[in-house]
Amino acid sequence: MSEGDLILYIVVATALVFDFTNGFHDTANAVATSISTRAIPPRIAVAYAAVLNFAGAFISLEVAATVAEDVVEAGAITTTIVFAGLIGAITWNLITWYFGLPSSSSHALIGGIVGSTLVAVGWDAILGDGIVGEVLIPAVVAPVVAFAVGAVGITLAYRLVGSLRPGPVSRGFRLGQIISGGMLALAHGTNDAQKTMGVIALALVANGNLAAGADPPLWVIVSAAAAIALGTYSGGWRIIRTMGTRVIKMDPAQGFAAEGAGSAVILASSHFGFPLSTTQVISGGIMGAGAGKRVSAVRWGVAGNIVTAWILTLPAAAAIGGATYGITRLFGTGAVGPVVVTALGVALVALTFARRVRQGVPVPAR
Amino acid sequence: MIALVDTEALGETVLAAIVAGVAVTLVFSIAIMGAARFAEESRGGRPVAAAAFAVVAAAAGVLFVALIVFGLVVMTSK
């Protein structure tokens, strides 16, 4: 086994770890509203989301292509650069998960890769047009659209059912949430699992195992789908609580409108290949469904914290990715740097995870 | 000069998301309204009105399922 192959194995394993963290970090996207309105019991909700995330990963490869081709110059990328970018993304995901903040795993991944590429190669390898056109502008537009769709949707819903007896209406929307939550989980799988596929494809191209522009091999698709599904099943209860109860106090109609808005935006974006943040979209949908009922129903302080985390995600992950690349280069260009960073990372993650799990309390079904 | 943004694709995405998102919530709300009013009218002994709301609920339910299937077909067709 060559040193290049060893780094590739480390990169693939790291990418799948990122995918796992993406799953448990973003579980909240799919199930938080369904859990908080008691449409689905918590454990069943995360299992349901895990299965649909797995299925969603097989639906489309448009987003994977964007991540692999439109963010950095694929020809200038090495496996060590991809590795450092992944460490940047994983680290930011764990920091935000630790604080219960629903930040974007997608932007963490893209930021990490951009940061490590910048330090390793320089500005020439950064595809600024792709980042602005395919990532930043959709990142601003998508949550705004989800907010508007959520607000318009809940306004129409209240006009239609507002004068009816609340019991049957709530039961109806809870039933609808099983479907809309499922669509959201499916949409999440199509958008997020593909980002990991794109990164592994980038590493395979860098190591000469895959032609530039080729679709990811089947084993990449299956392993990425499995990792995100396992992560989803693990459940990120802290973020579920923030999304499900702390932004707005949600009724089943609002939950349905938020999930419908999020699913529509994510599915449409995946279709056109925009790798947007599912977290930002569903957060926008939840805020819209809250504001559509009453603007003061949204806890804008919590919403502000979430938006701050969004703004910080790209630069913070880029800084960590760049620093990680710098550390790996201290050990030369071979496999020693990635091995040392991996060992340190595993130790740190184990410590953090164990501490947080001890502190974490699952969201009560109420 | 390379366009930074594929405005056509972005515009189509926004339009599709707005139409689909609002339509799904609207249609499902109509189905719930129809079902709830069907129950009320049936209890009130007004069979014609009850039948009309049952038709509304059924039609909206079918349309809701069609929208979900359409969304999945659009996704898988690319």
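1. In this predicted model, the side chains of R37(B) and E40(B) form a salt bridge, with 3.7 Å from N to O. Both residues belong to helix α1 of chain B, which covers residues 7-43. They sit three residues apart, about one turn of the helix. R37(B) has a relative accessibility of 26% and so counts as partly exposed. E40(B) is likewise partly exposed, because its relative accessible area is 26%.

2. R37(B) also has E41(B) as a salt-bridge partner, at 3.2 Å from N to O. E41(B) lies four residues from R37(B) in helix α1 of chain B, again about one turn of the helix. Is E41(B) buried or exposed? E41(B) is buried, since its relative accessible area is 8%, and the limit for calling a residue buried is under 20%. Shared partners then tie R37(B), E40(B), E41(B) and R46(B) into one salt-bridge network.

3. Over all chains, the whole structure holds four salt bridges. One of them is in chain A, where the side chains of K293(A) and D251(A) meet at 3.6 Å, N to O. This pair connects distant parts of the chain, 42 residues apart. K293(A) belongs to helix α11 of chain A (residues 278-293), while D251(A) is in the loop between α9 (237-246) and α10 of chain A. K293(A) is classed as partly exposed because its relative accessibility is 42%.

4. How many salt bridges are there between chain A and chain B? The count is zero.

5. The contact between the chains involves 39 residues of chain A and 34 residues of chain B. Together the two chains bury about 3200 Å², and 82% of this area is on carbon and sulfur atoms. On the chain A side, L160(A), H271(A) and F272(A) supply 18% of the area buried against chain B, more than any other three residues.

6. Which helices of chain A each supply at least two residues to the side that touches chain B? They are α6 (128-161), α7 (166-206) and α10 (252-272) of chain A. The largest share, 14 residues, comes from α6(A). By residue type, the side of chain A that touches chain B divides into 26 nonpolar, 10 polar and three charged residues.

7. On confidence, the model scores ipTM 0.87 and pTM 0.78. Chain B has a mean pLDDT of 86, with 88% of its residues at 70 or more. For chain A the mean pLDDT is 82, and 92% of its residues reach 70 or more.

8. Within chain A, confidence is highest in helix α5 (residues 105-120), at a mean of 89, and lowest in helix α3 (residues 62-69), at 60. Residues 361-366 of chain A stay under 50 in pLDDT. Where pLDDT is low, predicted coordinates should not be read in detail.

Notes:
Residues numbered from 1 in each chain as written. Chains lettered and ligands numbered in written order. Predicted model: local features only at pLDDT ≥ 70, side-chain atom pairs only at ≥ 80, totals over all residues. Heavy atoms only, no water. Contact = heavy atoms within 4.5 Å. Buried area = accessible area lost by both parts, 1.4 Å probe. Nonpolar A, V, L, I, M, F, W, Y, C, P; charged D, E, K, R; others polar. pLDDT = per-residue confidence, 0-100. Buried < 20%, exposed > 50% of the residue type's maximum accessible area, 1.4 Å probe, protein only.
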